[in-house]
Amino acid sequence: MPDHPAQPDLSAVIKAYDVRGVVGEQVDDALVSAVGAALARMLKDEDPATGVVVVGHDMRDSSPGLAAAFAEGVTGQGLDVVNIGLASTDMLYFAAGTLDVPAAMFTASHNPAKYNGIKLCRAGATPIGQDTGLLTIREAVERGVPAGPGGGSVREQPMLGDYAAYLRALVDLRQIRPLKVVVDAGNGMGGFTVPEVLSGLPLDVVPLYFELDGTFPNHEANPLDPANLVDLQKAVVAERADLGLAFDGDADRCFVVDERGEPVSPSAITGLVAVRELAKSPGSPIIHNLITSKAVPEIVREHGGEPVRTRVGHSFIKQEMAETGAVFGGEHSAHDYFRDFWKADSGMLAALHVLAALGEQPGPLSGLMAEFERYSASGEVNSTVADQAGRVAAIKEIYGGREGVELDELDGLTVALPDGSWFNLRASNTEPLLRLNVEAADPAAVAALRDEVLAVVRA
């Protein structure tokens, strides 16, 4: 007989890349226990020698209880659980990599307080997505997971110190000039990891919202929204700091503000880190998704690297890194992936690279980043559209007939214009939205092209 009652269609909760939903309505102890049991059975079917799953969680009120329920599902199938407790998502990847075991992270990243979920990976931090196991897990949960033999155990193993030491060995900051840095943890996991990682270095750290609080009382832990950078920008200017860093809720992404309080684009950070990694691995491939600035492949080529363009999303980035042996990969959303970190993304590692690059030379961050900020961009502009395919087809027909225009459909529709400007139009996988990103020579050109495209999209 099944250990858990059969579930309804869970496609709205067990998604393409993770498990995520509203706690108490979509995500509860029974569901995550069933997911833990299904994961354990899948792992044992793939490799009967599998014996351990690592579990970590963020600071949300619901996370410890959900993590414990998940562990019950795993141990009920006869596997052991190593509980690393409070963790950032990249710290969970570190555990999966260094211990070489599968892992589960309880977090809803930057989503509001009422949400929670699970990010899953195999040994070595290889992601588990819809096409690599998550669909199998969902179907097993929907059927009802059979009872297992039981007998698994749970042990505690803190990993924060080992994680910090590993990152500091990858990027040595001990000899940089003293820097003043404001860090906005957004009441998320950066408040847990930053003090350990940056302790004892030539850094004067000014903390903002380091108190772990899953209700996010100060602002959402989503630095991609400019409204959530305002406090950091003000503090950098008021403190006369050299730079500011903002982490999202699970601290796997880091956004940067220069000494003037101006945001630095994630594409520019991708370019900067790519140059530093190419200095260590000359000629290496560098992955970039198709929404990053065209400055990224330009910079990679100028420094002897091989740019590799890919679709948006961590599964595509990590797959390309594995196939090409790339040393680094970056996305427009500030997800940065490192070969030396099991091809996983780490906001903290990206932050260390920025601190090192700034501290190794005498000038301000705005001057350092000037060569990487070559064009202007719109950011993501969303439009609610009932007929997504029809609107994209209309754009394709309009621009495809113009002389010198190049089209490609690697991910949505990308249109490159003769003057060097370009835009990408992609349909959301989960909502009736079209997402537009535009890049051009200057803000006026961006605005003109954005408005021209939106007039068709929103007609």
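Reader: Which residues form one aromatic cluster?

Author: This is a predicted model, in which local features need pLDDT of at least 70 and side-chain atom pairs count only at pLDDT 80 or more, whereas totals for chains, interfaces and linings use all residues. Residues are numbered from 1 along each chain as its sequence is written, and side-chain values use heavy atoms, with hydrogens and water left out. Rings of Phe, Tyr and Trp (its six-membered ring) pair if their centres lie within 6.5 Å, and planes under 30 degrees apart are stacked, over 60 edge-to-face and the rest tilted. One cluster is made up of Phe-94, Tyr-163, Tyr-166, Phe-341 and Trp-342.

Reader: Is Phe-94 buried or exposed?

Author: Buried denotes under 20% relative accessible area and exposed over 50%, with partly exposed in between (1.4 Å probe, protein chains only). Because the relative accessibility of Phe-94 is 3%, this residue counts as buried.

Reader: How many residues apart in sequence are the parts tied together by Phe-94 and Trp-342?

Author: Tyr-166 is partly exposed, with a relative accessible area of 27%. Phe-94 and Trp-342 form an edge-to-face pair, at 6.0 Å centre to centre and 70 degrees between the planes. Phe-94 lies in helix α3, while Trp-342 lies in the loop between β15 (336-338) and β16 (344-345), so the pair links parts whose separation in sequence is 248 residues.

Reader: Which residue of β8 stands opposite Val-183?

Author: Strands β7 and β8 run parallel and are joined by six bridges. Strand β7 (residues 179-184) also pairs with β9 in the parallel sense, over four bridges, and there Val-183 stands opposite Leu-245. In β8, the residue opposite Val-183 is Pro-207.

Reader: Why is β9 largely enclosed by the rest of the structure, and how many of its residues are buried?

Author: In a regular strand the side chains alternate between the two faces of the sheet. From β9, Leu-243, Leu-245 and Phe-247 point one way and Gly-244 and Ala-246 the other way, and all are buried. Strand β9 (residues 243-247) is largely enclosed because the number of its residues that are buried is five of the five.

Reader: What phi does Ala-251 have?

Author: β9 pairs with strand β10 (residues 254-257) in the antiparallel sense over four bridges, and Leu-245 has Val-256 as its bridge partner in β10. The two strands form a hairpin with six residues between them, and in the turn Ala-251 has a positive phi of about 60 degrees.

Reader: Which are the edge strands of the six-stranded open sheet?

Author: The six strands follow the order β1-β5-β4-β2-β3-β6, with mixed pairing. Each edge strand pairs on one side only, and these strands are β1 (19-22) and β6.

Reader: Which residue in β6 is the bridge partner of Val-81?

Author: β3 and β6 pair in the parallel sense over three bridges. Within β6, the partner of Val-81 is Val-154.

Reader: Which elements do the buried residues of α2 pack against?

Author: The buried residues of α2 are Ser-63, Leu-66, Ala-67, Ala-69, Phe-70, Ala-71, Gly-73, Val-74 and Thr-75. With contact taken as heavy atoms within 4.5 Å, they pack against α1 (29-46), β2 (52-57), β3 (80-86), β4 (103-106), β5 (115-121) and β6 (154-156).

Reader: Which residues does Thr-107 touch, not counting residues up to four places away in sequence?

Author: Thr-107 lies in the loop between β4 and β5. With a relative accessible area of 1%, Thr-107 is buried. Leaving out residues up to four places away in sequence, Thr-107 touches Asp-58, Thr-89, Asn-116, Gly-117, Ile-118, Lys-119 and Asp-250.

Reader: What does the count of disulfides come to?

Author: Cys-121 counts as buried at 1% relative accessibility, and Cys-254 counts as buried at 7%. With a disulfide taken as a pair of cysteine sulfur atoms within 2.5 Å, the count comes to zero.

Methods. Two strands pair if DSSP finds at least two bridges between them.
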